[in-house]
Structures are given as C-alpha cells and as structure tokens.
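Student: I'm new to this one. Could you show me the model and let me ask how you know things about it?

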Amino acid sequence: MKKKTIDKSIASVCTLAILTASASPVFAESSYIKKDETVYTILKKDGTVEKNIVSEWLSGDGSLDKINDESILKDIKNVKGDEKPTIDGDKVTWDTTKEDLYYQGKTDKQLPITTDIEYELNGRSVTADEIKGQSGNLKVTIRLKNNESRNVRINGENRTVYVPFVTATEILMPRKNFKNIKSNTGKVVDDGKTSAITAISSPGLESSLNMGGDFNKLFDKIGSTITIEADAYNFEAPEIMIAATPDISALDDIDSNTNMNDISNMIDKLKKSGKELLNGTEQLYKGTSTLANNYEKFDAGTQKLSSGIGTLTDGVGLMGRNIPVLSDGAQKLMNGIERLNAGQDKFTTGVSMFIENTENVYSAYSDIDNGIKNAAAGASKLSGALSGASSGGSISELSGSISKNKELASGIVSAAQTIINDENASEESKAAAQKIVSAAQTSIAISSKQEEAVGNAASAVSSAKSGLAEASTAAKQLSSGLNQLSEGSSQYKSKFGQLIEAGNVLRENSGKLEGSTDKLYEGSQKLYNGTTQLQSGANQLVAGGSELKKGSDLLSSNSKKILSGTKELQSGSKKLYDGVKQANDKVNSEVSSKTAKIKDLEKIIDTKDVLVDLSREYNNYAGIGEDMNGDVKFIMKVNTDDESNNGTEEKQIKEEATGIKGLLQKIIKRDR
C-alpha cells in the first residue's frame, strides 16, 4: 500500500479542491440538469461586502426545454439569450430549446465566508484611505470567517463542525510601493515588478477536526488568518482577491491510504496487555505482602493460643468444681418456690375471706350511719323545741317536751354506745360517739330535774325556765356533735367502700400470682436439670483440654516454618513487580508520543465523512431546483478604486479569477 504523510494529504486536499471547483461539470444522471453557480463579490477595503453579483449556468445533455428553478436573486436577467423567466416568489421558470442557459442577479444574503481586513502603519491601527501616499512599516491582517456551522453527532458525541470551504487568497503588492515583504503563510512569487502572495486556507476546519498536539502546526499552512508585513512607500491599497469552494472530494481518498485503525488497535492491545500484566504482578506483590503481614500476626497468635489453652483448662477445672455448689443452690431454689406455691393457695383463700367479712361489716355499718343521721335530725328538732320552751309556753307543753327529750336522749346514748363497742369502728368515730353519750346523759339528768320541777310548777316556774335554758344550750351542743358525727360517719363509710374495691383488686391479682409461681417452679426444675448436664459437659471439656494443648504446641512449631516461607515469597513478588513495572514504563514511553498523534488522526477519519457530506450538501448559494445537481464557488475582490465601480468590475473579477487558477497550478507543481 502506498503511504502518504499527513502534511501531503492536507496539501492535496487544499489544492485539488480549488482545481475541482473550476473543472467541467459531471452529471450524476443524464436526465438531471446541472446548475453551476458563481458568486462574484466586490469588497470594500476593510473586507465588508459592497455588492454581490451571482452568475448561474444551467446545462444538460440536450435541450433544456421547460426548467423549474429556485432562486432568491433580484433583478434576474438572461445574459446570453432572449428568453425571459416566469418568476413567482422564489420559483423561477425558464422555457428554452438551448442546451445552456446563463442568467445573473443580485442578493444581499450573507456569504458563507466573510472577510475582515485590518491595516497598521508603524504600530497604529488605521484605514487604507487614511494612509494613502504615506510610508512606514505596514502590517496587513486578513481574517477569514466560516459562517456555516452545523450541529452533528459523531461516534455518540455532539459536535459543532463547519461546512468545509477551501479558499485561495491572492495579494498583489507592486515592488515600487512595497519592499521586504514577509507573510506568515502561503507562497510569495516575485516577477521583479509585483510580489504575489497566494495562501490556501480552510476557515473552520481546525475547529471541525478538533485536533491538538503537534497537529496544530499543520494548520499554520492553511490557517484562516493571513498576516503580511512590509516596508511601504507612497502607500496604495494592495489588490486582494479571494476564491472559495466547498468541494473537498479529495478527502474520500484518506481511508484508502491509511491503516490507522489496525495500528491503533495493536497499540491499544499492547498497552492493555502491559497494564494487565503490571496490575497482576502488583496484586501478587500486595497479596504476598498482606499474607506475610497477616501470617506474622497469626504466628504470634499461635503462641498466645498455647498458653491460653492452659489457662482455659484450669478455668474449666475450676468451673467443674463449683458446679455442684450451683446445683445445690438450684435444688434449694426449687424447694423454696414449691413452698411458696403451696402458701399461695392459703393467701388467695385468706384474701377472699377478708373481702367477704369487709363487705358484711360495710353492710352493718350502713344501718349505724342511718341511725346517726336520724339522731342528728332529732337533736335538731329538740334544740328548736327547748329554745321555744325557754322563752315561754304552758307548763303542760313543757312537761311533754321534757319527756320526749329524755326519751330521745336515751335513744342517742344507745346508738352511740353501739359505735363505741364496734371493733371495726375508727378511733375518730368512737371519740365522737363518746362525746355524744356524755352530752345525751347530761340531757337526761337535766330532764329528770325538769320533771321534778314540773311537779312544783307554781313554785318552780322561774327555776324551770332556768333549767330549760340550760337544756336548750345542751340540746344545741348535742345537735352540733351529732352533725359532726354524721359527717365523720359518711367519710368512714366512703373509706369502707374504697377498702372493698382495693380488696377486689387484691383478690384478682392474687389469682395471677398463683399462675406465675407455677411457671417459676417449672423454670427452677429446668435450672436444676441444666446444672446436672453442665457438670457432665465440664468433665468432658477438661478431658479434651489436654489433647487441645498438644495440638496447639504442634501448630506453634510449624507456624514458624510457614512464616519464613511467606517472607521469601513477599521478597520475590516485589522483585517481579519492579521488573514488570520497569518494562511497562519503557513500552509506554515508546508508544505514548505516537498514541496521541494516532488518536488525532482517528478524529480526522471519524470526522471526514461528515465533512464530505456537508460539502456535497452545500451545492448552492442563491437556491436550486428540486431536480438539479449543483456546484457553487465564490470569487471576492477588494475594490481599490477611489470611486464606486462602474459596472465593469464583474468582468475584471472573472479575468483575475482565471489568473488565480493558473497560479494555483504552479503552486501544486512546486509542492509535488
């Protein structure tokens, strides 16, 4: 296979594309019409557009007949015939019997390649008109910008690329006005009168290919910025012409002249294998180091194990000697719980009897409480009657009241005495009842005296009144004491009710306690049986302890030998890893510089198909009919006249474009 360097491949792309742009049209199918479009642009001295003139050439392999074309051009006119078009918006229809049709028009649509021209004289930024006729150190900078960006996806990656355009820029500088001419790119041809600088560029290509490293230097030859320095004398604006085409079909040959994929794959496999080998030896070294470090700990553990087993055997013997004490305690615990379980039945029965007797006492006390309340009501009435008697009334009414008072006081004494004799009554209730008895007995004594006094009614009226007054006072005291007794009795009865409720709770929980003691007794039996089994197991453990001690001693002895072997293995794996690492580093250093270049070349190969497709898709500037093949090229010339062009500029541009083509052919021959 014939080999090419990347420098010559790029050079071929640049030069062949320009030539192809001016080549004869090739028809994909005989039924198609070819549209060859040339855009002539007159630029101002700063590179901005002054006028666009578009020339269209429609051709076929026979009579064109009726042609349905599309175009955004204004002022369309047939330049080589009498046929006139029918125009409907962008639809342009021609009807001719010729094989060729030429027409032209104008448009202000933005060019795909725009130009910016800057001038500096003696380091100062100026315009071309400002320095006309001046002399000094001149710097001219021409910047070409690609305006046709596209968002595409290449190998799963979103990329911004530009429709590829190849441009040829020619700068003509008369020797009488410019000397010591230097350019950062292109070729300088001098015929003694004029120096012609011709530079090949591809604006946007560097960004589209996204290359780096050493390949950036390659774009110095096709960069989008052209810088020219010279000594100017009586400055006149140099003539600048730019030709551009999107045709880069020469890129199709790149795949046939390269086997980058095979080389890249072999390098990747070599690096991958070296990395895997290095990783393997590294893991081996780390593993042996870990083994040696951990086995050293294991060896130390075997020594501790031997002494620990002796301590364990002694401990097991001590445990075996103390297990009978544990078993005896478990037996006593079981017997005690059994007695507790038996006493639990008596406790439950006693609680039930206590609650029953308490309820009987509560029922009996209810009668006493009612009696106290009745006595309190009677005492209140007595107190009222005595108060009335002491203030007046008949002797007979007084005598009846005295009798009733004596009878009522006797009943109160009897009721209060019952409370005093009740064993279940509280001390507070008994003390209150005792006061009631004393007050009632005092009332009875007074009543007796009153009865004697009634017998001597006439003579003892004044004495009776005095006694009634005392009786009234005593009755009031009696009523007050009975009211206190009634209040205390109610509280006593309420506490009695709470005692009964607490007893019911006690009776309910005593039943639950009985079930718990049964489970506790069952568990104590299991504890006793377990201590018996523990005794048997401890005896077996003591017997096996001596055998375990013999085995641990043997393990300790052999562990020393194994530790020595792991240390040697660690040392050998370290030497192996160092050797593989040194070899792998050497291999990587040999291929690393090549890998970056190959990766960049792979980017070119991955991107070139997209660029070729974009190049083919960009087949017109002003529009094209649906059933046409298109080809487009751009010719731009800076207007150096002081006055506006007079309409002959297009002819001049065409003539000079032909000169550029011839110059490019010479450049290509020199490169080869």
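Student: What stands opposite asparagine 151?

Tutor: That's threonine 160 in β12. By the way, this is a predicted model, where local features need pLDDT of at least 70, side-chain atom pairs count only at pLDDT 80 or more, and totals for chains, interfaces and linings use all residues. Residues are numbered from 1 along each chain as its sequence is written, and side-chain values use heavy atoms, leaving out hydrogens and water.

Student: How do you know that β11 and β12 pair?

Tutor: Two strands pair if DSSP finds at least two bridges between them. Strands β11 (149-154) and β12 (157-162) have six bridges, in the antiparallel sense, so they count as paired. A strand here is a DSSP run of E, at least two residues, and a helix is one of H or I, at least four, both numbered from the N terminus.

Student: What sits between β11 and β12?

Tutor: Two residues, making a hairpin; asparagine 155 in the turn has a positive phi of about 50°.

Student: Why is serine 202 called buried?

Tutor: Buried means under 20% relative accessible area, exposed over 50%, partly exposed in between (1.4 Å probe, protein chains only). Serine 202 has 7%, so it counts as buried. Its place is in the loop between β16 and α2.

Student: What makes Phe165 and Ile222 contacts of serine 202?

Tutor: Contact means heavy atoms within 4.5 Å. Serine 202 is in contact with both Phe165 and Ile222, leaving aside its neighbours within four places in sequence.
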